[in-house]
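Hi,

Here's the structure I promised to pass on.

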Amino acid sequence: MTRDRSPIDVPIKEATVTMADVRPPAAETVVQPDEVMLSPAVRSEQACRGSREAYARRAAAGRFARELSADVMAFIAQRDSAYLATASADGQPYVQHRGGPPGFLQILDEHTLAFLDYPGNKQFISVGHLAENERAFMFLMDYANARRLKLWGRAQVSNDPELIASLMPCAGSRRVEHAIVFTVLAWDWNCSQHIPRLVPVGD
């Protein structure tokens, strides 16, 4: 007779993402950034509420981008906190906070960033979602300077030891079994209104 396996006994399915796999999607599968950001339902709401023409002009002018610009990469490199949103196959969303020293979000190239996924309470909601739905979103805040960055993309779980070692902040850090690799499909700066002006303790 065997005992039932508890949720934390069930092994987590991890994608085999290696350093060689970190590349943007093939050209034939690339979707325009505004198509990623603004679904048909969103465009319909914009049309009803009077903002559709403005966003269409921005898209036509190339104001929405997939490649990370120099200022965006600098902003990401300075962050010590981020929010990762995922969803299950049936659309149930989840947002998880991740933090670390500035630079814990590492830019791998102009399309890709990665970070270590430290063990927590063993719910594995984010990695479970990514096992069946790779669509993801990241929200980065700079409260002190009232700036916030939105990143749409696809994320995968990687247990590649070379990648994990490259993301370690220093020797002797906590043991980590996997990392999250996030491929950016679109990014946009968010409006700075209503951001509380919070500053780090000691500043």
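Below is what turned up, starting with the nonpolar cores. Keep in mind that this is a predicted model.

In soluble globular proteins, nonpolar side chains tend to be buried together. Here, the largest nonpolar core has 24 residues, and those touching the most other members are Ile-76, Leu-105, Met-138, Leu-140, Leu-151 and Phe-182. Several elements each give at least two residues to this core: helix 4 (70–78), helix 5 (125–132), and strands 1, 4 (112–116), 5, 6 and 7. A separate core of 8 residues includes Ala-114, Ile-164, Leu-167 and Val-181.

Beyond its neighbours within four places in sequence, Met-138 is in contact with residues including Tyr-83, Leu-105, Phe-115, Leu-151 and Phe-182.

**The pocket.** The largest pocket holds about 550 Å³ of space. Its lining is made up of 23 residues, with Val-36, Arg-135, Gly-153, Arg-154 and Leu-185 nearest the centre. Sorted by class, the lining has 13 nonpolar, 6 polar and 4 charged residues. Helix 1 (33–37), strand 1 (81–87), strand 5 (135–142) and strand 6 (147–158) each provide at least two of the lining residues.

Asp-188 sits in strand 7 (residues 179–189). Is Asp-188 buried or exposed? Its relative accessibility is 8%, so Asp-188 counts as buried, the cut-off being under 20%. The side chains of Asp-188 and Arg-58 are joined by a polar contact of 3.5 Å.

Happy exploring!

Key:
Residues numbered from 1 in each chain as written. Predicted model: local features only at pLDDT ≥ 70, side-chain atom pairs only at ≥ 80, totals over all residues. Heavy atoms only, no water. Helix = DSSP H or I, 4+ residues; strand = E, 2+ residues; numbered from the N terminus. Buried < 20%, exposed > 50% of the residue type's maximum accessible area, 1.4 Å probe, protein only. Polar contact = N/O pair within 3.5 Å; in protein donor to acceptor, adjacent residues only side chain to side chain. 1 Å grid on protein atoms, 1.4 Å probe; cavity = no way out; pocket = protein on both sides within 12 Å on 5 of 7 lines; lining within 4 Å. Points joined across faces, edges and corners; volume = space filled by probe spheres on them. Nonpolar A, V, L, I, M, F, W, Y, C, P; charged D, E, K, R; others polar. Core = buried A, V, L, I, M, F, W, Y, C linked by side-chain atoms within 4.5 Å. Contact = heavy atoms within 4.5 Å.
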